[in-house]
Amino acid sequence: MTGKLHSIETMGLVDGPGIRTVFFLQGCPLRCLYCHNPDSQSFKGEKTITTEEVVALASRYKSYYKASGGGVTFSGGEPLMQGEFVLEAFKALKAEGITTCVDTSGYGQMAYYQAIFQVTDHILLDIKHPREEMHKEITGLDMSGIRNFIQEVSKGFDGTVTIRHVMVPGYSDSSEIIEEILDIIEPIQKKVDKIDILPYHKAGTEKYSQLNIPYQLETVPAMNQDRAGIFEKEINEKLNARKKKTLSRIA
Ligand code: SF4
């Protein structure tokens with residue numbers, strides 16, 4: 001089975017637990033205003049990779065995964081747009097004893113979700129924005145995809161989920177938005193280990209001029225890292241308080 005590939009990173013440290021081999025798949029239905037890899041959005045990429053090649057490359061780093069609790073991450077683009085390929089590759093990786101993680105925005109081929117969840121250990125889930133109109137402005141799409149994905153995760157995924165949110169000044173840097181993100185993930189909050197607030201930054205925007213695409217956030221400043229850190233602390237405290245409240249209700 002063959003998938004469309006954008007690029008590969010070995011020894012990745014930021015896309016899931018431990019040391020990871022990260023396969024960035026080509027193609028994404030979203031058009032995030034701040035996307036750092038606009039060249040990964042098109043579904044017309046030429047590079048391909050087979051499930052056998054994924055397993056062969058990933059297997060070279062087994063000792064690192066073992067020592068660090070790492071494994072393989074499929075990122076993108078949007079990996080779940082190549083549902084059958086992700087499913088087959090994850091099955092093969094699991095057969096080799098390698099743990100799997102998918103980095104998604106929740107906009108994929110729904111028919112494969114439940115089967116993929118059976119062979120996935122960890123999900124990195126991007127919440128672009130919790131408000132319908134802002135989500136549309138930032139990504140070009142409404143929120144039906146992310147809402148469906150969260151429902152599907154709540155029904156059939158037994159692993160852990162890390163939520164990620166790129167915080168853009170003027171778009172989502174407020175305590176109200178923090179609460180609204182928590183509302184959106186409420187159906188899966190017990191599976192969520194933590195929420196990462198990623199401060200919006202301007203690195204990589206030169207790709208837009210290279211590709212001749214206008215960069216619409218030109219006038220928006222980078223997010224202050226310390227402020228993002230304060231929001232990250234706040235959202236994780238609130239998440240834990242919500243989890244505790246649910247547990248005490250059950251007890
Ligand atoms: S979901 Fe990711 S790859 Fe797709 S447009 Fe947004 S930032 Fe880029």
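Which residues of H9 are buried? They are Ala228, Phe231, Ile235 and Leu239. Buried means that 20 or more other C-beta atoms, placed from the backbone, lie within 10 Å of the residue's own. Helices (H or I, at least four residues) and strands (E, at least two) are DSSP runs, numbered from the N terminus.

This is a predicted model: local features need pLDDT of at least 70, side-chain atom pairs count only at pLDDT 80 or more, and totals for chains, interfaces and linings use all residues. Residue numbers start from 1 along each chain as its sequence is written.

**The sheet**

The open sheet has 8 strands in the order S3-S1-S2-S4-S5-S6-S7-S8, with mixed pairing. Strands pair if DSSP finds at least two bridges between them. S3 (48-50) and S8 stand at the edges with a single partner strand each, so one side of each lacks a neighbour in the sheet. On average, neighbouring strands are turned by 30 degrees against each other, direction ignored.

S2 (residues 20-25) is mostly covered, with 6 of its 6 residues buried. Arg20, Val22 and Phe24 point one way; Thr21, Phe23 and Leu25 point the other. In a regular strand the side chains alternate between the two faces of the sheet.

**The helices**

H9 (residues 225-250) has 26 residues and should span 38 Å at 1.5 Å a residue; its end C-alpha atoms are 37 Å apart, which agrees. The expected span is 1.5 Å times one less than the number of residues. The buried residues of H9 pack against S7 (160-167), H7 (175-184) and S8 (192-199). Contact requires C-beta atoms, placed from the backbone, within 7 Å. H9 lies across S7 and S8, at about 160 degrees to S8. Angles run from 0 to 180 degrees between N-to-C directions, with axes fitted to C-alpha atoms, for helices over the stretch in contact.

H3 (residues 83-95) reaches 18 Å from its first C-alpha to its last, close to the expected 18 Å. Its buried residues include Phe85, Leu87 and Phe90. The buried residues of H3 pack against S1, H1 (51-59), S4, S5 (100-104) and H4 (113-118). Just after H3, Gly97 takes a positive phi of about 80 degrees.

**The ligand**

Among the residues around the ligand are Cys28, Cys32, Cys35, Arg31 and Glu78. Each counted residue has its C-beta atom, placed from the backbone, within 6 Å. The shell holds 4 nonpolar, 6 polar and 2 charged residues.

Definitions and conventions. Buried ≥ 20, exposed ≤ 12 C-beta atoms within 10 Å, placed from the backbone. Nonpolar A, V, L, I, M, F, W, Y, C, P; charged D, E, K, R; others polar. Contact = placed C-beta atoms within 7 Å.
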